[in-house]
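Welcome! Here is a short tour of a structure that may be new to you. Take a look at it first, and then read on.

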Amino acid sequence: MCVNAVHDDGWRKVMNNHKDQIVVALATTLLLGASFSSTAFARTYSGAHRKPSLQGRVSREVVQADQAMKNNKYDLAENLYHDALNRNKNDLSARVGLGMVYAKTFKLDRADEELDKALKLDPQSPIALCGKATVIVNRLQSSSTEWSKNKQALLNQAQAYANRAVQADANSPEANYTLGTVLKEQGNLDQAASAFNKAIACDKEYSDAYAGLGLVYLKKNDFAGAITNFKQALSYNTGNSTAHYGLGRTFIQQGQLEAGIKELNTSLYQYRNSAPVHFELGRAYELQGNTVGAIQQFQESIRIKPEMAAPYIHVADIRENRGDIEHAIAELRSGLELNPNNPELLLRVANDNLRLEKIDDSIKAYEQVLAVAPKSSQAAEGLTRAFYLKAQKESTGAFFASNDYEAAQHSIDRAVQMNPNNMELRLAQAKLNALSGKQIDLNALGTPNNDGERVAYAEALLAQNKFQESSQQMNMLISSIAQPKQLLALGDLSLMIKDFDSANAAYNKAAGMPGNEERAKRGLDQVAKAKEVARQDLTLATDLARKKQLASAVDKFHAAVFENPRNADARDGLATALEKLYPNDPKELRESSTQYRAFLALAPNTPPKEQEKLQKRIAKLDNKASKLESEMASVPRKTSMLSKLQFKK
């Protein structure tokens, strides 16, 4: 349910001694609970913008229904409006009131039906037009994907109704408020602020308009402006739950968790079935370290509005921080059942699969992200990260001769074409090219300006086997980060790409920050475990090579390189074993020379004579591979002649 569906201001006391003289009453609240202000209410009921033929006395049933609506007794209000309409089917106030009861109880089709009947009675009724706009906005907050697929078109339709309401009565605070709400939903924040200010100019005590303006300021991260407007809204109506909600969110953004929780609980007391309030409470509890309470609130948010992606992601965060990645993926997949193409959920599934070394599954998910969000630099980075690990795990030459590389290159190139100024995307492209043997001058791409670009730059250096330069970038990044959550995330990333030194540094720094010792220790334990697995595989590979069991040795050396790409001995052992096992296979000879180059990059202290010897060996392997490739290029013609001779025999 949308933020505007959270609140219920109710009716204020208006002309208490003259209820039976009020004409053409509108018996509802706007936007599933937004109230009319006293001055606007009095003006509306004076019949100032109604046709003379529609003026008349308000029935006792409508007055009672108004009071029932104020107290959220929707069943009673519905019955009373029905009674009024049974007496007079042309009772405009009862007709609109009934439509808004249906809107408040999310019977949106019936709401539309009643509001359409009201517009037949008065096609220029600003409040009925506002109601139509409100129903459309609230359809978009439902759990039906049918409406969300056409969000922009529906919001345009809602804006058309709101514009008609403003045209019918430019000084109607309700019409301007409704227009502001639609514009805010569209993301047109400056225009929304203008409409809310217009509503306030029409009625200085219009609580909902102040709340709407506060939400605009909050979206702009203007916390001072947000607090001022939320408090102003509450000064006119302490029951404005949207204002309590917005004020709670603002306090949480500023780190005032207790104050934020207090406001959110007040909002929840006034409107218990609000997904946004439950979600924000979950965030507050999560920040406090109360993960049990946080999960409870996130799950309640999901129950109310299961298509929201954010609660699934936060629950997955908590699962991940506990080390339960499989459970985190299960939570994310639950969200994907309703939103199969949600890029945020797909991205998290891809990242978690990569953490579990389910590389093919992660590649599939990253490609799904790029299919629905082609400009996603995070997906492009993740995809090339997955390909880097896949190339380490398998024969590099075999990998880049496969369709995987072509598909990856197409996805990354498309992303760069759509957003050529995105440095992270261009670094991802350079990383993929480097993995295929094409060396790109990274300096030509510019200097990294933020953490994301620095990580991408370090990974691009890693793909070029510039291990020391990559470590320098990561060390600079770790030293500059002051937030434990960011440090832990960087530690997790470093662990994922098997950069154990960087992972240790990030986790150790986070361990020195209060409240993060356990999480950091778990990360350090994971690093130690991963290093031990790599050491064991290297020991076994070396033993197999010594016994001349080269095929098995190659498999274990590959495993050791994948498990610790910065282990020079694993690179050297793999290169030697490949050279011996495949002396006439050009693909494997090039793989051998690649591993020798990586060894030299990882062992800069190798004596000069040994370095020179290895450089000659690398050149010899490359020359031999080229010669064999040239010879193989002529094989088809010779094979054809041989086939003819064999056929004659």
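A cavity is a set of points on a 1 Å grid over the protein atoms alone where a 1.4 Å probe fits but cannot get out, and lining residues have an atom within 4 Å of a point. This is a predicted model, in which local features need pLDDT of at least 70 and side-chain atom pairs count only at pLDDT 80 or more, while totals for chains, interfaces and linings use all residues. Residues are numbered from 1 along each chain as its sequence is written, and side-chain values use heavy atoms, with hydrogens and water left out.

**The largest cavity**
- The volume of the largest cavity is about 30 Å³, where a volume is the space filled by probe spheres set on grid points joined across faces, edges and corners.
- Searching the whole structure turns up one cavity of 30 Å³ or more.
- At least two lining residues come from each of H21 and H25; helices are DSSP runs (H or I, at least four residues) and strands are runs of E (at least two), numbered from the N terminus.
- Three nonpolar and three charged residues line this cavity, with no polar ones. Here Ala, Val, Leu, Ile, Met, Phe, Trp, Tyr, Cys and Pro count as nonpolar, Asp, Glu, Lys and Arg as charged, and the others, Gly among them, as polar.

**The largest pocket**
- The largest pocket holds about 2000 Å³ of space; a pocket is an open set of points with protein on both sides within 12 Å along at least five of seven lines.
- Its lining has 48 residues, and those nearest the centre are Asp317, Lys485, Leu488, Ala489 and Asp492.
- Among the elements giving two or more residues to this lining are H15 (275-288), H17 (309-321), H19 (343-355) and H29 (517-546).
- With nine residues, H27 contributes the most to the lining of the largest pocket.
- Sorted by class, the pocket lining includes 19 charged, 16 nonpolar and 13 polar residues.

**The protein as a whole**
- You will find 34 helices and zero strands here.
- Of the 649 residues, 55% are buried, meaning under 20% relative accessible area, with exposed over 50% and partly exposed in between (1.4 Å probe, protein chains only).
- The accessible surface is about 29000 Å², and carbon and sulfur atoms hold 49% of that; the areas come from the Shrake-Rupley method with a 1.4 Å probe, and for residues only the protein chains shown count as cover.
- Among contacts (heavy atoms within 4.5 Å) with a separation of 6 or more, 59% join residues 24 or more positions apart.

**Two residues to look up**
- Ile359 lies in H20 (residues 359-372) and is buried, at a relative accessible area of 8%.
- Lys390 is 31 residues from Ile359 in sequence, yet their C-alpha atoms are 6.7 Å apart.
- Beyond its neighbours within four places in sequence, Ile359 has contacts that include Leu354, Ala386, Lys390 and Phe562.
- Asn465 sits in the loop between H25 and H26 (467-480), buried with a relative accessible area of 18%.
- Neighbours within four places in sequence aside, Asn465 touches Arg571, Thr594, Ala598 and Ala601.

**Cysteines**
- The structure has zero disulfides, a disulfide being a pair of cysteine sulfur atoms within 2.5 Å.
- Cys130 is buried at 0% relative accessible area, and Cys202 is buried at 19%.
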